[in-house]
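Reader: I'd like a close look at just one part of this model. Pick a spot inside it, walk me through what surrounds it, and spell out your cut-offs as you go.

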Amino acid sequence: MKNRRLAAALVAGVSLPALAACTDNSSSSSDATDGRTIAVTSSSDACDLSSDTAPSGRLVFTIKNTGQEVTEFYLYAADGKRIVAEVENIGPGLSRTLVVNADAATYVPACKPGMKGTGIRSELTVTESGGSGKASAAVQEQVDQANAAYREYVEDESGQLLAGTRRFVAAYTSGDDARARTLYPTVRVHWERIEPVAESFGDLDPKMDAREADLEAGQKWTGWHRIEKDLWPPSDQPYTALTKAERATYADQLLADTETLHGRIGKLTFTVDQIGNGAKSLLDEVATGKVTGEEEIWSHTDLYDFQANIDGARVAFEGLRPVLKQKDPALESEIADRFTALESMLAQYRVGADGFVSYEKLDTTQVKQLSDAVNALSEPLSKLTAAVTL
Amino acid sequence: MLANYLIGLREGLEATLVVVILVAYLVKSDRRELLPRVWGGVALAVAVSLAFGALLTFGPRGLSFEAQETIGGVLSIVAVGFVTWMVMWMARSARSLSGDLKGRVDVAAAAGGASLVLVAMLAVGREGLETALFLWAATQAAAGTGGSTAGPLLGAALGLGTAVLLGYLFYRGAVKINLAKFFTWTGAILILVAAGVLGYGLHDLQEARVLPGLDSLAFDVSNVIAPGSWIGTILKGTLNFSPATTWLQAVAWVLYVGVTMTLFFRQIRRNNRPSTAPTAPARTPAGSPS
Ligand SMILES: [Cu+2]
C-alpha cells in the first residue's frame, strides 16, 4: 500500500542519519576514572561542574537538575556564542546525558535554569590527549607500558655497560691485552644499544666515544676509541704505545664517565616520540658509521656495533608495536619485515655465540647489500614517531 | 513536579493540536473511514520515538547534538509542508463538500488519504524523539538507584494527559461549530501552528549551525513571557512561540503567514462565490454533509 511505503520511507529517513551520526554512550568504566565524565549540577543559582579540565576526545556530561525550574545545559565555544552542544528539557529531579566529541580548546559551559537568559557560565579547558574516546584510553595504556619498558631496557643496558667497563678497564690497566681485546666489542654492545640516549648527554659523549678522525682542533682524545687504537696499534704508521700510567689515566676516566652516565640514566623517563626518534637515530648511526667501517677503524669490530644498534632500534620498535598496530597496521608489518630481513642478512657474518667476523672480511658487494637493507628499514622507521603520536 | 508537568503539557500540545484538527475535519466531512490512517500514523510516530529514545538512553550509543537538532529541524520543516498541503486540501474540498460535487470528495479523499498517515506521523514525530528522551530520563529518575523519585515521571505523564484532554475538548468544540466557520477557523489556526513549527525548525537548524544567525535576535521577551511559565508553555505548545526569536525565525514566520493566509482566504472566497446558496446550512449536524 502506498501510505505504508511512504511511512516506511519516512521512518528510514529519520533513523538512518541518526544512526550515522551516532556517538558512543557513557557507561564505560574507564570514563569515570580518566576525566571523560563530567558531572554537572544545575540548581536555581549555580552550575557546578565536577571538573574544569578534561582530556580531548569523547566527553560525557551528566547534567542533574536540582533546582525547581526546567533547566538547559549548553556547551559554548570559547567565544561564548557558538553552541557546541546542548540539552534541553531537563526537568527538576531529572538527569540528562550529553555526549560531545571535544577538540582541545577552551569551552564555556552554561546552565539555564528557567530556559532563559545567557545562563550561569564558567570555563572548561580541554587539553590535548592525543586521541579521542575509549580507543585512546587503551592506546594511552599501551603508550605508558612502552615508555616504562623502554626505560627499564635503557637502565639495564647502562648497568651492563658499567659492569662490563669495570672488567674491561681492569684487564687493560693490568696489561692483559688479549682479554681487553675480547671484552672490547662485547662491552661496547651495551653502549651502542642505547647510543642515542648516551649521546643526549652532550658533555659525556665526546669524552667517551670520540673517533680520532672526528676530533676538533684542541680537543683531547679520550675514551673507547683512544684505548682501541692502543689495543690494535696500526702497522702502517708510527705509533707509540701508551705507558702504564697513561693507560690508567684513560681507563679511570672512561670508568668515571660511565658511572656518571649510569647515574644520569637512572633519572630519565621516556616519551613515545623520544623512543621512536631514538630508533630512527640508531639506524642513522648504522648508516653513517658502521656500514662505512669508520666506527671501529682499528679493531674492525663494526659488525658488533651494527648488531647492537639494530638491537636497540628493535626494542624501541617492539615497545611501540601494539600502539602502531592500532594506528597503522601496514607500517607495523612493513617495519617488522625489514627488521627481519636485515637481521638475517647480518646473521651470515656471525662467528660463535655472540661474535662477528672482522669488518675487513666483507667485500664491497656485501657492504652494499647491508647498506641497502639498512636504508630499506630506515625509510619506514622514520615514519614510526609520527604514526604513533598522531 | 509543576515544571515537569509543564514540559509534558507543552510537548503534548505540540503533538495533539494538528492531530485533533485533522480528526475533527475527517469526522466533520464524514470520512471516518480515514481515521484509522491518522491513528496509525500517530501510533507509528509514538512507537518509533519511544523505541529510538530508549535505544539512545539505555543503549550503548547516544546521538550527537547536531544530529538530534538536525532531525528535529528537518522533520519540523517537512511537517510544515504537509500541514500546509493539508490546509489547502481542506480548503479545496470544503468547496466540493458544500456544493453538489459529491463525487469529487472521494477523489480528493483517495488522493489525500495516503498522506494522512504522514501528516499525523510528522505532527507527533517531529518532537517525538526529544519528548521520548525527556520521558525516559524521567523513567530513569523513577527507577534510579541513587534515591528514586517518581515525581518527574508523574508530572510529565499528567502534562501529556492534560494535553490529550485539552485536545479532546477542543475537538468537541470544533465539531459543534458550523462547517463554513470550521474550515475558516481551523485552517487559519493550522497556518499559525505551521508558521510556528517552521520557525521552530529553523531555530533547530540554526542551533545545529546548519543555518546561520542564531545570535541575531529580532526580540527577546523572556522576562515577560518566561519559557517555564504557564503562559509560556501554552504559547509554545500551541503556536510554537519562542520568547527569544531570531530574525530568521521572525522573517520566515511573517512571510509564511502572509503568503499562506492570502492563498487560503482566496480559496475560501472562491468557494463561496459560484454558489448562490450559503456554503452550508447553518446547523449541520456533525458528520452529515448536505
Ligand atoms: Cu546512534
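Author: Points are joined across faces, edges and corners, and the volume is the space filled by probe spheres set on them.

Before we go in: this is a predicted model, with local features needing pLDDT of at least 70 and side-chain atom pairs counting only at pLDDT 80 or more, while totals for chains, interfaces and linings use all residues. Residues are numbered from 1 along each chain as its sequence is written, chains are lettered from A and ligands numbered from 1 in the order written, and side-chain values use heavy atoms, with hydrogens and water left out.

Let's take the second largest cavity, which holds about 70 Å³ of space. Its lining, meaning residues with an atom within 4 Å of a point, consists of B:E14, B:V18, B:A79, B:V80, B:V83, B:L122, B:A123, B:R126, B:V193, B:A194 and B:V197. Sorted by class, that's nine nonpolar residues, two charged ones and no polar ones. In this scheme Ala, Val, Leu, Ile, Met, Phe, Trp, Tyr, Cys and Pro are nonpolar, Asp, Glu, Lys and Arg are charged, and the rest, Gly included, are polar.

Helices are DSSP runs of H or I with at least four residues, strands are E runs of at least two, and both are numbered from the N terminus.

On the record side, an unreviewed UniProt entry lists "transmembrane region" for residues 6–26, 38–58, 70–91, 103–124, 153–171, 183–202 and 247–265 of chain B. Those positions use the numbering here, feature names are shortened, and annotations may be inferred rather than shown by experiment. In the model, residues 183–202 of chain B are 100% helix and 0% strand, with the end C-alpha atoms 28 Å apart. Residues 247–265 of chain B are also 100% helix and 0% strand, and their end C-alpha atoms lie 27 Å apart.

One last stop in chain B: B:N240 sits in the loop between α8 (230–239) and β3 (244–246). Phi of B:N240 is near 55°, a positive value in a residue other than glycine.

Conventions
1 Å grid on protein atoms, 1.4 Å probe; cavity = no way out; pocket = protein on both sides within 12 Å on 5 of 7 lines; lining within 4 Å.
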